[in-house]
Amino acid sequence: MLILMQSDHTKKQLSDVLAKVRKLKLQPHVIPGKQSVAVGITGNSGALDPHLFDGLPGVREAVRVSRPYKLSGRDFKHEDTIVPIGPYNLGGPDLIVIAGPCAVESEEQMLRIAHAVKKAGAQMLRGGAFKPRTSPYAFQGLGKKGLQLLAKARKETGLPIVTEVLDQRSLEDVAEYADVLQVGARNMQNFALLKEIGKLRKPVMLKRGLSATLDEWLMSAEYLLSEGNKNVFLCERGIRAFSDHARNTLDLNAVPAIKELSHLPIIVDPSHATGVRARVAPMARAAVAAGAHGLMIEVHDRPDQALCDGPQALHPDDFAVLMRDIAAISAAIGGGLAVPKYGAK
Ligand code: PEP
Ligand code: MN
């Protein structure tokens with residue numbers, strides 16, 4: 001439900017509306033607008049009767065919001081959300097590129113690759129310390145030691161770090177070190193984890209589930225937002241379809257579709273979406289052309305020795321070429337690569 005206030009409503013009339021919403025054990029969200037103020041309501045499990053509100057003094061109209069996601073949709077908040085991360089803003093016209101290895105493997109590996117992606121112009125560094133692997137026998141990540149190595153790489157390069165949180169047990173540790181908490185595709189509907197992350201204020205990158213619809217994805221974002229964490233952005237990483245030529249099917253159509261439905265920034269991960277090194281750059285360029293706010297790219301300087309996802313990792317030299325190409329594509333559609341807001345290293 002969205003309550004539209006008259007343009008000449010008084011403060012008292014607005015606070016009476018808020019009190020009435022709270023009395024119904026629901027949560028009001030004041031939404032300032034160009035003409036007047038609106039009040040969005042969340043917390044109701046079924047549809048609310050507009051007559052509960054539309055006769056109140058100062059109220060112009062109460063309208064039903066048909067979409068189940070309220071805080072992540074555009075009905076309650078029309079303007080694009082900007083997520084501040086270190087010296088960057090994600091969600092505006094300027095592209096953010098998150099790059100690094102699939103997994104943190106050792107100090108030398110992490111530092112070498114961190115410097116290489118920084119040199120190529122990446123804005124942020126990725127690396128998994130806790131890895132969700134299909135096989136329990138595969139490398140599971142270095143855990144807390146991996147987080148400490150990421151922190152070292154951040155200290156040396158100044159790049160904010162993005163790393164995955166697998167479960168509630170490790171959340172506190174991951175949140176202590178990460179600049180962005182990554183929720184992986186397999187955890188997109190781990191609602192207990194989403195609720196805990198929602199209580200923090202740290203930026204969250206929510207990857208799309210392997211077979212999630214856009215509604216399901218935005219409902220998962222709603223879990224984060226409804227707990228109070230507004231620093232949420234989405235990452236399209238390919239979905240499971242019938243194609244047998246790639247690891248996943250990159251749903252680039254999701255980029256303009258999400259931008260229509262939601263105010264949250266959306267980035268694209270062409271590495272997991274293709275699984276094949278030679279296809280990463282073409283799909284990264286396409287994602288930028290489609291209007292993505294950023295990219296996440298796996299980079300490894302010795303991919304044949306990588307403990308995880310070597311076949312899809314770009315060599316730093318190829319990554320540097322890609323950075324130049326996407327800068328040109330972004331410029332052609334009114335953007336560019338993001339530059340630090342203040343003197344980052
Ligand atoms: C990753 O980014 O390393 C990862 C495991 O991705 P996804 O959750 O998309 O499979
Ligand atoms: Mn990976």
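Visitor: What makes β11 and strand β12 (residues 232-236) a pair in this predicted model?

Guide: Four bridges join β11 to β12, and the two strands run parallel. Strands pair if there are at least two bridges between them, so β11 and β12 count as paired. Within this pair, Leu206 stands opposite Leu234 in β12.

Visitor: How do you know that strand β10 (residues 180-183) pairs with β11?

Guide: Three bridges join β10 to β11, again with a parallel run. At least two are needed, so β10 and β11 also count as a pair. Here the bridge partner of Val183 is Leu206 in β11.

Visitor: Which helices lie in the β-α-β units that include β11?

Guide: Helix α5 (residues 191-198) forms a right-handed unit with β10 and β11. Helix α6 (residues 214-226) forms a right-handed unit with β11 and β12.

Visitor: Which way do the residues of β11 point, and are they buried or exposed?

Guide: From β11 (residues 204-207), Val204 and Leu206 point one way, while Met205 and Lys207 point the other way. All of them are buried, which means under 20% relative accessible area.

Visitor: Why are helix α3 (residues 144-157) and helix α4 (residues 168-177) called roughly parallel?

Guide: The two helices pack at an angle of about 10 degrees, with axes 9 Å apart. Angles under 35 degrees count as roughly parallel, so α3 and α4 get that description.

Visitor: Which residues meet where α3 packs on α4?

Guide: Lys144, Leu147, Gln148, Ala151 and Arg154 in α3 meet Asp173, Val174 and Tyr177 in α4. The residues of this contact divide into four nonpolar, one polar and three charged.

Terms used:
Residues numbered from 1 in each chain as written. Chains lettered and ligands numbered in written order. Predicted model: local features only at pLDDT ≥ 70, side-chain atom pairs only at ≥ 80, totals over all residues. Heavy atoms only, no water. Buried < 20%, exposed > 50% of the residue type's maximum accessible area, 1.4 Å probe, protein only. Right-handed = clockwise from strand over helix to strand, strands pointing away. Axes fitted to C-alpha atoms, helices over the stretch in contact; angles between N-to-C directions. Parallel < 35°, antiparallel > 145°, perpendicular 65-115°, else oblique. Contact = heavy atoms within 4.5 Å. Nonpolar A, V, L, I, M, F, W, Y, C, P; charged D, E, K, R; others polar.
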